[in-house]
Amino acid sequence: MSDQFEPRLIGFLCRWCSYNGADLAGTSRMKYPPNLVPIKTNCSGRVDPTHIFKALAEGADGVLIAGCHPGDCHYINGNYRTAGRFPLMHKMLEQLGLEPGRVRLEWVSAAEGDKFARVVTEFTEEIRALGPLGWKTQTDVDPAKPGTAASDRVEEAVPA
Amino acid sequence: MAEEKIAVYICHCGTNIAGKVDVEEVTRWAAEQPNVAIAREYKYMCSDPGQDLIKQDIKEHGITRAVVAACSPTMHEPTFRKAAGDGGLNPFLLQMANIREHCSWVTIDGDAATEKAKRILGAQIHRLPLNVPLEPIEVPVNPNVMVVGGGIAGIEAALKLAATGKKVYLVERDSSIGGHMAMFDKTFPTLDCAACILTPKMSAAGKEPNIEMLAYSEVTQVDGYVGNFKVKVKKKARYVDVDKCTGCALCTEACVVRKVPNEFDQGLSKRAAAYIPFPQAVPLKATIDPTRCLTLTGKKCKQPCVTACGPEAIDFDQKDEEIEVEVGAIIMATGFQLWDPTPETRYSYGHLDNVISSLEFERISNASGPTGGHIVCKNGEPPKSVAILHCVGSRDENYQEFCSRVCCMYSLKFAHLIKEHLPETEVYECYIDMRTYGKGYEEFYKRLMNEGVHFIRGRAAEVSDVGLSETEQGHLIVKVEDTLLGITRRLPVDMVVLSSGLAPRDDAKATSQIFGFGCSANGFYLERHPKLEPVSTITDGIFIAGCCQYPKDIPDTVAQAGAAAAGALALVDNPTVKVEPTISYIDPEKCSGCHICVGLCPHAAIQYNAEKDAAEVIEAACKGCGVCVAACGSGVPQQRGYLDEQIFAEIEGALVI
């Protein structure tokens, strides 16, 4: 393996369009860099700025949010919320000293396997050029007991 | 919180995963991860013995959580969750880690793929202790079905469903059902007359008591979800009372507006403002075109249609009517439109006389068409030579890249019909490949070869009327490279037929958005899986059949319509259907009643409870998008199955190495 910097990337994919688009890239055997780990939500509208901050704080060098094209959202307009939140959050991240290219929003449909592969490839190279972010600090998570800090809150948060 | 016991299963999926990812290494690594009690690898987890592993481990080792690292959850999450349930573990305590579609299939380097597999798996291992048991929500299913589109696909699907006793709403935009097939002359390879085989089905659909025919109607809005769709249908005004109209057509003869281009005849003949599209129309009712009728466009008319109508069925005051219909499943069968050859200017369609489209040829050849079934040029004389050009707008980077499947066969059919009507006429077929793949198709091709048709292997380069010699004067000249002979040829002919492909309808995208499913890159409706689920869409309860999914011939259309009917029946034949319980919850103690989430919900599933001064979720309406969760500044709404803490845990796990 080369010594070049390998970015660690998190991608939030919506279950209906972009996750299936990524699956299609897989069934079509398209090749792209392995740096991005996908995390699935039902809708890109579920993605909270705190999720993006969490990813960056846990050591991610870049975050991708991928949703359905405007008009195609399975939940009608969830992706419009994403589109609205994103520029505001982006502004905040810039004020915190983050390079704008580190957090990216893309619309990827279930039929766009090729677009998904291309976006991940481009994003990986862009972040590689920007270098590591290095925001990871101590958190209250004991690596031996993942989620324990949060687990009490989980139990009481939601009746089954 | 008690320690969890996670079982990890790494699937080889044959060599699909194991061929790239070092599955032994991932299993060894998984066994070291927090809370993991068992880590196993297996060749095919989705097989019966694979599923049994999960059930056994739950029973024998007290497993409390499980993750299967394998293919995409869209493939097998239901399989493994059911296995967990059968083993005694709540299905929602099992997650899948996608190390195939998202890892082994897309990564070049094996070491890199192995590292990525660990991260993907790690995310789920970290998440699992935070999963809580959930119970699927059962919703009642409306047993009725809507079929959108009354062509052969829609008619077939409607008849099949009606035969099982289900009520079907058949919605058709045009004034009669029948679609494109009603326009054809003969059908390949049997040369059955299209109308002869179609009209019995049209008639049956018209008479079937379980089919409510909504012709001359369009869907305007779709709400709801699987088992419970609420569809608004606009019944367009015909300005004719259908209960009184007997279809006698006297109004169409009396009407003074007589020069409306006849859409059914592809504009080759004229109709009146009051019209019946073709003699075998179902329903056999007149319609008055509101854009052409003198009365309806505010001009003076003696209204001879009213005078001619015995039953007094004409009603100029009729209005569009909007109805709402509740159904459990919807089948889309909205068909195609012919690719318009105009942009391919090299073929001079629309500029030169006697360069015609395939549908125009069908109408000319059809005995009930504009020329009474005589194949003639614009001047009324039969052509002495005809060139049929394949792949117009198809297999072409500039227009439609895909092959349209049916054009080779219908081009051969045309050649045969010309030879049948006009035995002395020379027929040239300019083709790239001869795609005669179906039952009886290759034999049909051989038959044509024996009928003296000239086959030239080459996509025609241009059609012009510029003759370079005396023999060429007064003809259309088709310039084509004959790749088998290795020469360029100029064919002087009297008529050129452009065999263009089938295209998605102009409004296919807009229609898919009304119903809430997606389209493929080429514009046709997107099936859930190209091989295994060709008639379902990504949206539960909505099915697709026929050319709206992709170009196909009549046998395949009818087969697909039956498959869609079976899919719809499997759904609506049950009193309930299970939907995922990943819905939102708002704790009234924590909510301040600010109303932000109420307006944001795409499904109007949040209402404000004044008594509690808090928002509350209408559970039956919540579809689990999570928009409210992300929007709340206080973090009050939470989405079962996608809690913030669960997402954070996945992020931590994905970045641990």
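Biologist: Which residues of strand β6 (residues 145-148) of chain B point one way, and which point the other way?

Modeller: In this predicted model, B:Val145 and B:Val147 point one way from β6(B), whereas B:Met146 and B:Val148 point the other way, and all are buried.

Biologist: What makes β6(B) and strand β7 (residues 168-171) of chain B a pair?

Modeller: Two strands pair if at least two bridges are found between them, and β6(B) and β7(B) have four bridges, in the parallel sense. One of these strands' contacts can be followed at B:Val148, whose bridge partner in β7(B) is B:Val171. Between the two strands the chain passes through helix α6 (residues 152-163) of chain B, and this β-α-β crossover is right-handed.

Biologist: How do you know that β6(B) also pairs with strand β18 (residues 329-332) of chain B?

Modeller: The cut-off is again at least two bridges, and β6(B) and β18(B) pair in the parallel sense over four bridges. Here B:Val148 stands opposite B:Met332.

Biologist: Why are β20 (355-357) and β23 (454-457) of chain B said to stand at the edges?

Modeller: They belong to an open sheet of five strands with parallel pairing, in the order β20-β27-β21-β22-β23 of chain B. β20(B) and β23(B) each have a single partner strand, so one side of each is left without a neighbour in the sheet. Neighbouring strands of this sheet are turned by 20° against each other on average, direction ignored. The partner of β20(B) is strand β27 (residues 495-500) of chain B, joined to it by three bridges and running parallel, and B:Val355 has B:Val496 as its bridge partner there. Helix α11 of chain B packs on the sheet, touching β21 (385-392), β22 (426-431) and β27 of chain B, and its direction makes about 175° with that of β21(B).

Biologist: Which residues of the largest nonpolar core touch the most other members?

Modeller: They are B:Ala69 and B:Ile331, in a core of 250 residues. Helix α11 (residues 407-421) of chain B gives the most to this core, with nine residues. Leaving aside residues up to four places away in sequence, B:Ala69 touches B:Val8, B:Tyr9, B:Ile10, B:Cys11, B:Ala97, B:Ile99, B:Ala117 and B:Leu121. In soluble globular proteins, nonpolar side chains tend to be buried together.

Biologist: Why is B:Gly122 called buried?

Modeller: A residue is buried if 20 or more other C-beta atoms lie within 10 Å of its own, and B:Gly122 has 24 such atoms, so it is buried. B:Gly122 lies in helix α5 (residues 110-127) of chain B. Apart from residues up to four places away in sequence, B:Gly122 touches B:Gln33, B:Gly653, B:Ala654, B:Val656 and B:Ile657.

Biologist: What makes α17(B) largely enclosed by the rest of the structure?

Modeller: Of its 11 residues, 10 are buried, so α17(B) is largely enclosed. Among them are B:Phe648, B:Ile651, B:Gly653 and B:Ala654.

Biologist: How many residues of chain B are in contact with chain A?

Modeller: There are 60 of them, in contact with 59 residues of chain A. The elements that give two or more residues to this side of chain B are α4 (100-104), α5, α16 (627-631), β34 (638-639) and α17 (644-654), and the largest share, 10 residues, comes from α17(B). By class, this side of chain B has 34 nonpolar, 15 polar and 11 charged residues.

Biologist: Why do β2 (36-41) and β4 (103-107) of chain A stand at the edges?

Modeller: Chain A has an open sheet of four strands in the order β2-β1-β3-β4, with parallel pairing. β2(A) and β4(A) each have a single partner strand, so one side of each is left without a neighbour in the sheet. The twist averages 20° from one strand to the next. The partner of β4(A) is strand β3 (residues 62-67) of chain A, joined to it by five parallel bridges, and A:Ile65 has A:Leu105 as its bridge partner. From the other chain, α17(B) packs on this sheet, touching β1 (9-14) and β2 of chain A, and its direction makes about 165° with that of β2(A).

Conventions. Residues numbered from 1 in each chain as written. Chains lettered and ligands numbered in written order. Predicted model: local features only at pLDDT ≥ 70, side-chain atom pairs only at ≥ 80, totals over all residues. Buried ≥ 20, exposed ≤ 12 C-beta atoms within 10 Å, placed from the backbone. Contact = placed C-beta atoms within 7 Å. Core = buried A, V, L, I, M, F, W, Y, C linked by C-beta atoms within 7 Å. Axes fitted to C-alpha atoms, helices over the stretch in contact; angles between N-to-C directions. Right-handed = clockwise from strand over helix to strand, strands pointing away. Nonpolar A, V, L, I, M, F, W, Y, C, P; charged D, E, K, R; others polar.
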